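Subject: Structure for you to look at

Hello,

Here is the structure I said I would pass on. Please open it before reading the rest of this message.

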Amino acid sequence: MTAQTVSRSPGRRSGGREGRAAWILAIPFCLLFLAFTAWPVVQSMFMSFTDTKARDLRSPFSVNIIGLDNYTKALSDPVFRKAAANTAYFVLVGVPLTLVLALAAAIALDKGITRFRSVFRLGFYTPVITSIVAVAVVWRFLLQDPGGLINTVLGWVGIDGPNWLGDPNWSMPALIMMASWRNFGTAMIIFLAGLQAVPAELHEAAAIDGAGAWRRFRHVTMPLLRPTLLFVMVTTSIGYLQVFEEPFVMTKGGPLDSTITVSYNTFQQFGFGNYGLASAMSYLIFVVIAIVTALQFRLLRERT
Amino acid sequence: MSVDTAPRPVAQPSRGATPSGRAPRSGMVGSNNGGHWWLYLVLVVALVAVIAPFVWMVLGSFKSEGELRQVPPTWWPQTASLDNYTQLFSRLNFGQFFFNSTAVAVVVTVGNLVFCSMLGYALAMLDFKGKKAIFVAVMGTLMIPGVVTFVPLFVLVANAGLVDTLPGLFLPFLVSPFGVFLMRQFILGLPKDLLDAGRVDGAGELTIFARIIMPLCGPALATLGILTFLGSWNNFLWPLVVAQSEDKYTLPVALALYATGQNSTNYGLLLAGSTVVILPILVIFLIFQRRFIEGIATTGLK
């Protein structure tokens, strides 16, 4: 490939040299990228239309092309449907909760206080950097019933806390609580950067015009924060739609499949050796992510 | 992803780093000395709630098994001891797991720093055939969820005979589209005159990259390095599937298998193990927190 660039544009000073150097710099990345990202993306698509199983690993040509069978199979599977419903629950409750926590923290740190700002920022961000496995170990203690820290604290104010991870009605709320705790720090940092870009003069002008704190937030901050809000909402949604680690380390999808998610179900099928089916499921997740992202763009763009 | 976030706030110095350097904002009327006291109260309560699990984890790792099982739970250890930690490294092979985690994270980080800055530089400063195609292909994969590539990636690694080897753990992560994006954006901000100056002085193209451009990329390299190291250290699913014998486990894998295995009833060991997994990252975070924060804020500019 470098040969092509040598003969190109003779009038250009050191054009060939530049092109050659560029390719030398690009090649290592491109090779690794082709092998470990581009190729798997293509192969996954192909696999989703075949009946590939774990035992076909050694003989890739023995697989049959079965069209959309994997997709229809996934969509008609009651466990997959349950997983889809659970994932929707997780996203619809988890994303707003995470965003509200993050925005509240960001606004408080940006406008409300002037001292110890970095201490709070650091503290709120700490859960983000910790390993999910370690987090799971600790949270299983916290959520224990009886004797867990959370139910003990609830007991102080006279609330009889549920058996969080053992009760199908409370297992998902427990995971949402944990995921929000773990993720709001990232959103908070991005909101802070966005709030920083809102000129203080606008607030002053609005205040002089007699606008209260809420109206200034609603009519000055929010419109300017919209691109940031869109970004945070999209990335949080993309992450939450793929929720896997929380159920994997906390509940294994139980009790009674109450916390099984689409990614977790995909991983189960991978574990059973149903590679074709697992690939189809992963592409279903991708399609939903693409749709949700496009919807959010339209929703938040149009109102600008 | 092509979210064209309009303002580019990160170019400004991080605000937390220079809290006194800025004029205090008068946005909130009547909050000119330090803010509302009740807001501090709310924030302190929130901070305690967010941090409490970690404090409890660290304190718990010094407690005896009997104390950990008490109802109601204790906060401060009645008798603190290092028993759990000595057991972790003598009876369990945590030294080896720690080494594996570190080795994989270091190799992945170095790979990303080298390869992503190379391509990032080429995309930002040089003119060559195929540039646009590479850029579109790499950025296009930013949106594809990891779950899509998981199965074929495993098939690939299995066919290459790399299952249960350390290369199997780090090879797939040596480059990342995000890294290229980050480096390209940063290098775009450097003056292009640097190239011409280097050429006039007779420096080769690769020398210009290595000797002139790279030394100026410190902040971007630091951000990328920290984020990559963190991601690799906490990576869980891939090593769980690829590392199959105990001497290849990384820390999260070891902890997860230990937590769900035969010995899962030994709470003290689990809490000590969790502390060992979290502590190195926490230390790195405390040292480099400004870069961390800037890096996260930068991702908002995609």
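Below is what was found in it, chain by chain.

This is a predicted model, in which local features need pLDDT of at least 70, side-chain atom pairs count only at pLDDT 80 or more, and totals for chains, interfaces and linings use all residues. Residues are numbered from 1 along each chain as its sequence is written, while chains are lettered from A and ligands numbered from 1 in the order in which they are written.

Chain B has 14 helices and zero strands; helices (H or I, at least four residues) and strands (E, at least two) are DSSP runs, numbered from the N terminus. Of the 302 residues in chain B, 43% are buried, where buried means that 20 or more other C-beta atoms, placed from the backbone, lie within 10 Å of the residue's own.

The contact between the chains takes 88 residues from chain B and 88 residues from chain A. Two residues are in contact if their C-beta atoms, placed from the backbone, lie within 7 Å. Helices of chain B that each supply at least two residues to this side include α1 (37–60), α4 (94–125) and α14 (267–299).

In chain A, F244(A) lies in the loop between α10 (213–241) and α11 (245–250). F244(A) counts as buried because 20 other C-beta atoms lie within 10 Å. Leaving aside neighbours within four places in sequence, F244(A) is in contact with T261(A), S263(A), Y264(A) and F267(A). F244(A) and G212(A) are 32 residues apart in sequence and 43 Å apart in space, C-alpha to C-alpha.

Regards

Conventions:
A residue is buried if 20 or more other C-beta atoms lie within 10 Å of its own, exposed if 12 or fewer, and partly exposed in between; C-beta atoms are placed from the backbone.
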